[in-house]
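Student: Could you walk me through how to read domain and chain contacts in a model like this one?
Tutor: Gladly; let's look together.

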Amino acid sequence: MNAHDSTLAGRPKAKLISGNHACALGAVAGGCRFFAGYPITPSSEIAERLSRSLPGVGGVFVQMEDEIASIAAVIGASMGGVRSMTATSGPGFSLKQENIGYAAGAEIPCVIVNVMRGGPSTGMPTRPAQGDIMQARWGSHGDYPIIVLTPWSVREIFNETVRAFNLAEQFRSPVVLLYDQVLAQLSETVVLDGVPEAAQADRKPASSSPAEFKPYAADADGIPPMARPGAGYRTHTTGLTHGESGFPTQDPEAVTRNLSRLFSKLDRNRDAIDSWQTVQCDDAEVLIVAIGITARAAARAVELCRARGVRAGLFRPITLWPFPEAALQAAAAQARAVLVPELNTGQLCREVDRILGGTRVEGLFRISGEPIVPSEIAERAAALVRGA
Amino acid sequence: MLIDQAAEFDVRDYLRKEMMPHFLCPGCGHGIALRALLWAVHELGIDKDRLAVVSGIGCAGRLSAYIDANTFHVTHGRPLAYATGLALARPDLHVVVITGDGDCLAIGGNHLIHACRRNLKLTCLMLNNEVYGMTGGQVSPTTPEALLTTTTPHGNTEPHFDACALAAAAGAGFVGREVTLNVPKLKELIRAALTHPGFAFVEIMSDCTEIFGRKNDLGSSPEMMMRQKSELRPTAYRDTVDMPFRPNHLPTGILAKNDRPEYGASYRRAAAAREAQS
């Protein structure tokens with residue numbers, strides 16, 4: 001998309017900035033007015049930049065005592081009606097999971113940036129990985145829906161950060177922005193004019209009378225309006241299963257109805273949530289599916305393949321979860337084989353294989369802390385076409 | 001909604017009647033603590049629309065649902081962290097945290113010490129019933145030594161925490177402790193905490209008659225409350241009796257108070273000064 005728009009240097013608004021810098025700029029543009037975080041490599045630059053920029057726009061930055069406190073404070077601020085975000089990396093993302101589930105269940109908008117580094121455990125703090133694809137989707141206990149966005153360039157990090165806030169507000173959901181260490185600290189020249197404006201879709205405010213208002217009674221779109229503390233509604237928010245009143249219930253019918261709605265509010269709004277990019281997929285005999293920095297290499301690999309007469313294409317989910325299944329199926333319609341390069345042992349590949357059942361799906365995995373280079377992807381893609 | 005504070009206090013004006021009957025056990029001290037809080041809120045004329053109550057998990061955590069205010073029942077141990085975000089984002093709200101001894105001192109201990117250090121304006125009420133009541137009576141950080149719980153069948157061998165000493169050492173602007181036996185006194189302490197400009201920590205000695213009391217043959221609720229009273233050591237004694245912390249001797253009243261700057265105001269002032277420079 002914008003990965004190769006680096007010929008703009010010298011133009012007035014061109015800036016050479018890192019991915020984390022773009023994320024901090026995108027947060028302010030996206031209306032973020034509260035950030036709570038805890039230092040962790042390789043995401044700390046986001047916190048550092050927002051500690052400087054938020055007060056100037058009337059916002060608040062706070063460095064909390066730990067990762068759990070950070071996500072808790074973010075959810076608390078959002079419960080107060082303020083667009084809020086935290087940023088972390090693998091170990092911190094693991095620690096935040098219980099409260100991410102709270103935000104999903106209680107339907108509190110918030111944005112969580114996870115800059116992926118090598119794992120498991122402390123792993124390789126300064127090396128890239130893509131090992132949190134499944135944790136981003138399933139990391140908290142219980143069954144819940146979540147939105148996860150995976151940009152592939154510095155410019156797209158900016159755009160997707162803005163979009164993350166708008167989706168969080170619109171769907172009353174936690175939104176995870178997932179990218180890797182290379183993108184976080186890669187500097188690219190970007191032009192930030194024509195940027196998407198913030199606050200396009202604030203959470204729906206409660207409008208009925210306080211006496212009639214039920215905090216989890218959804219409109220036709222499946223999304224309940226949200227009462228702002230101080231507006232007279234005096235509602236109750238809980239992580240316990242609740243009915244429309246917001247108060248705890250274990251009534252099987254009420255529990256099923258509310259949890260089903262939780263899923264349906266994303267399912268029935270996929271047009272507004274799904275996002276992906278295709279590169280030369282129309283006649284692709286081999287389709288490459290990748291995200292983040294690996295997708296950047298894959299885009300180059302498509303060019304290398306085409307130069308050798310191999311008809312390759314790239315499918316790149318930008319909204320990773322919910323996965324754009326129909327778009328992937330359409331992109332893979334002509335493909336004889338699908339290659340999934342990724343910096344883990346097959347998390348994306350497993351999902352692609354599930355969606356494209358019947359098509360040959362192969363992975364190209366790396367867990368060494370190094371990115372995959374275009375020539376490797378091109379060679380493997382060409383071999384797949386030869387039937388090797 | 002503003003209630004006429006000159007009017008006589010009627011606890012029903014501050015409760016969600018649709019949530020009754022409540023789920024507390026007979027003899028539990030938590031209801032008394034709740035009444036004292038609401039009484040103090042009434043006397044101070046705090047607008048219910050501007051009152052936010054954040055609570056954690058456990059018996060104490062359940063109290064928020066009964067209060068007719070903006071209430072948030074959050075994850076185990078984290079109410080202070082949620083409240084920190086809420087209070088920083090919305091300085092116009094009056095934020096009160098209700099937590100228990102396990103919620104506040106065990107799983108949430110890190111948040112307590114840093115909330116004390118940070119000194120953001122919050123009122124934290126820790127209802128200490130000396131046990132994990134909701135989960136069936138396991139040992140907590142405040143279970144007295146030698147007493148029985150479902151996980152200390154031979155008697156508790158861990159020393160118990162003095163939450164007020166901890167809060168004071170961590171820098172809390174206001175620290176107090178009271179028992180549920182004397183409700184007007186408890187109300188006065190909570191009232192003083194609510195008006196403190198920084199972080200205020202109040203430990204309320206509650207009693208768990210059904211689970212903890214039964215397990216240790218501590219008698220009925222009145223008997224448990226009288227036992228608490230017999231262990232009191234009024235603050236006034238401190239000047240005359242040099243007594244280091246000893247289990248089963250509870251200093252009560254306002255135990256620590258200081259005028260450290262409130263965090264939210266300090267943050268906004270420093271940020272504004274920097275903005276003015278640049």
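Student: How many residues of domain 1 of chain A are in contact with domain 2 of chain A?

Tutor: Two residues are in contact if their C-beta atoms, placed from the backbone, lie within 7 Å. Here, 24 residues of domain 1 of chain A touch 19 residues of domain 2 of chain A. This is a predicted model, where local features need pLDDT of at least 70 and side-chain atom pairs count only at pLDDT 80 or more, while totals for chains, interfaces and linings use all residues. Residues are numbered from 1 along each chain as its sequence is written, and chains are lettered from A and ligands numbered from 1 in the order in which they are written.

Student: Which element gives the most to that side of domain 1 of chain A?

Tutor: Helices (H or I, at least four residues) and strands (E, at least two) are DSSP runs, numbered from the N terminus. Helix 5 of chain A leads with four residues.

Student: And where do the domains lie in the chain?

Tutor: Bounds come from an automatic or database domain assignment. For chain A it gives domain 1 (14-191) and domain 2 (276-386), with 26 Å between their centres, taken over C-alpha atoms.

Student: How many residues does each chain bring to the contact between chains A and B?

Tutor: Chain B brings 31 residues and chain A 34. On the chain B side, helix 2 gives the most, with eight residues.
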